[in-house]
Amino acid sequence: IGRIEAENLNFVRHYYHLNEDGQKVYFGDNHGTAVIDSTTAHVSDPDETMFVVKFDREDAKDVCMVNWRAHPHWTGSSTRDDVSSDYVGPFREAFELQTDCLFAYYQGAAGNVNEKSKITAENVIADHREHGALLAAVAVRCLNENMEQVQTGPIRIQEKTLSLPVNTVKDTGLYYAARAVQSIFQSTGNRPEAMAASGGYQIWSVYHAGSIVNRYGKPDTEDRTYTVVTIGNRVAISLAPHEMFDRTMVRVEEGSKFDYTLHFSYANGTNTYMPDASTWVYGSYETDTSIFAQGATEMVEQNFIQMLGQMYDEAN
C-alpha cells in the first residue's frame, strides 16, 4: 500500500469573492473558470492524497486498487464515436499500459471536489484523456516509489445504521410551487419562466425544486448504513452511501489510529450530498439539494471515528 500527493489535479468548487466593502460573497463553479486573484479565492484547498493498494496474486495478474477524490465531470463528445467513460477510463488504460496490473478505481470523498477540467484560470487540461493520463502517471509513480508491504491479517467488517435528521417540507404551498417550477422547466426548458412560477417562494434552482418535492411529507429522520472494513491492524476502509466532502473525511482520517484510512463514497445503495458545517454557513448547490439537515454530516463523521477506534482496539 502507498500514498502520494496528486498535486493540481483536483479543486474545491466553492469560491468567495470580496466585495468593495470587504464582505465575502460565496459561489460555486463546477468547471473552475473563476479567475483566482486578490478578490476571489477557493474556500479551502482540496485533499490531494491518492492511495494505491496492490494485491499480489500467484495465479493471475496483480490488482491495483486506486482511491482518489475528484467528481467526474466530463461527459464526452456529442458524437457517438466519442462516448466518454470520463477520466476513469483513460486513467485505467494509461495505468494498465505502464504496469502489468489490473486497475480498480474507487471514488473518494468528492462531494465538493472536481477534477481540473476545462480550467482557464489555473490550469489547462484539454480533455478527459489527458487528465486520465496525468492521474495514471501519479499512480504509477506511487507504485514504483511509495509502496510498503503490509501484513493482511484478518479482515473485519462492522456496520452501523444511523437515524439522521432530514430537511422535510411541511408547507403545502411550497410543495405545489416547486411542482410548478419542475413542470414548466421540463416542458419548456425556460429556466427564468420556471423560476417565476414559484409564486414568491424561495426556490433557488430547478434542482432545489426537485429536492423540495422529494422531501415533502417525509419523516423527520431517515436511516443510513455505514461500513468500516479493516485489513490486519494497519489498513481501514470507510464506506458511506453519499457524496462526502473531502474536509469531512480528512478529519475522519486524522481521527483514525490506522496507518492507512481510505474512504469510498457511493456505497450501500443511496446517494445525496453531505455538506459539512462550514458549507451550511455560506450555502451551496449541495446544501440546496441534500436531503439531510444541518448536523447530519457531523453525526456521520463522529460515527466513523468511533467505529475506527473500536476496530483498531480489536485488531491490536
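1. In this predicted model, helix α6 (residues 246-255) packs with helix α9 (residues 296-315) at an angle of about 25°, and their axes are 9 Å apart. That angle makes α6 roughly parallel to α9, a description given to angles under 35 degrees, whereas those over 145 count as roughly antiparallel, 65 to 115 as roughly perpendicular and the rest as oblique. Axes are lines fitted to C-alpha atoms, for helices over the stretch in contact, and angles between N-to-C directions run from 0 to 180 degrees. Helices (H or I, at least four residues) and strands (E, at least two) are DSSP runs, numbered from the N terminus.

2. On the conventions behind these values, residues are numbered from 1 along each chain as its sequence is written, and side-chain values use heavy atoms, with hydrogens and water left out. Because the model is predicted, local features need pLDDT of at least 70 and side-chain atom pairs count only at pLDDT 80 or more, while totals for chains, interfaces and linings use all residues.

3. Where α6 meets α9, the residues on the α6 side are Thr248, Met249, Arg251, Val252 and Gly255, and those on the α9 side are Thr297, Glu301, Phe304, Ile305 and Leu308; contact means heavy atoms within 4.5 Å. By class, this contact of α6 with α9 has five nonpolar, three polar and two charged residues, where Ala, Val, Leu, Ile, Met, Phe, Trp, Tyr, Cys and Pro count as nonpolar, Asp, Glu, Lys and Arg as charged, and the others, Gly among them, as polar.

4. An open sheet of four strands has the order β10-β11-β12-β14, with mixed pairing; two strands pair if DSSP finds at least two bridges between them. The edges are held by β10 (155-165) and β14 (260-264), each with a single partner strand, so one side of each has no neighbour in the sheet. From one strand to the next the twist averages 20°. Eleven bridges join β10 to strand β11 (residues 221-231) in the antiparallel sense, and Gln158 stands opposite Val228 in β11. Helix α9 lies across β10, β11, β12 (235-239) and β14, and runs at about 155° to β10.

5. Phe264, which has its place in strand β14, is buried, with a relative accessible area of 7%; buried means under 20%, exposed over 50% and partly exposed in between (1.4 Å probe, protein chains only). Its neighbours within four places in sequence aside, Phe264 is in contact with Met65, Asn67, Tyr106, Gln107, Ile237, Ser238, Leu239 and Ala240. Between Phe264 and Gly108, which are 156 residues apart in sequence, the C-alpha to C-alpha separation is 4.8 Å.

6. A further open sheet has three strands in the order β4-β3-β5, paired antiparallel. Here β4 (24-28) and β5 (40-42) stand at the edges with a single partner strand each, so one side of each is left without a neighbour in the sheet. His17 has Thr40 as its bridge partner in β5 and Val25 as its bridge partner in β4, while Tyr16 has Ala41 as its bridge partner in β5. The hairpin of β3 and β4 has five residues between the strands, and within this hairpin Gly22 takes a positive phi near 90°.

7. In helix α1 (residues 88-98), the buried residues are Gly89, Pro90, Phe91, Ala94 and Phe95. These buried residues pack against β6 (49-55), β7 (62-68), β8 (101-107) and α2 (128-145).
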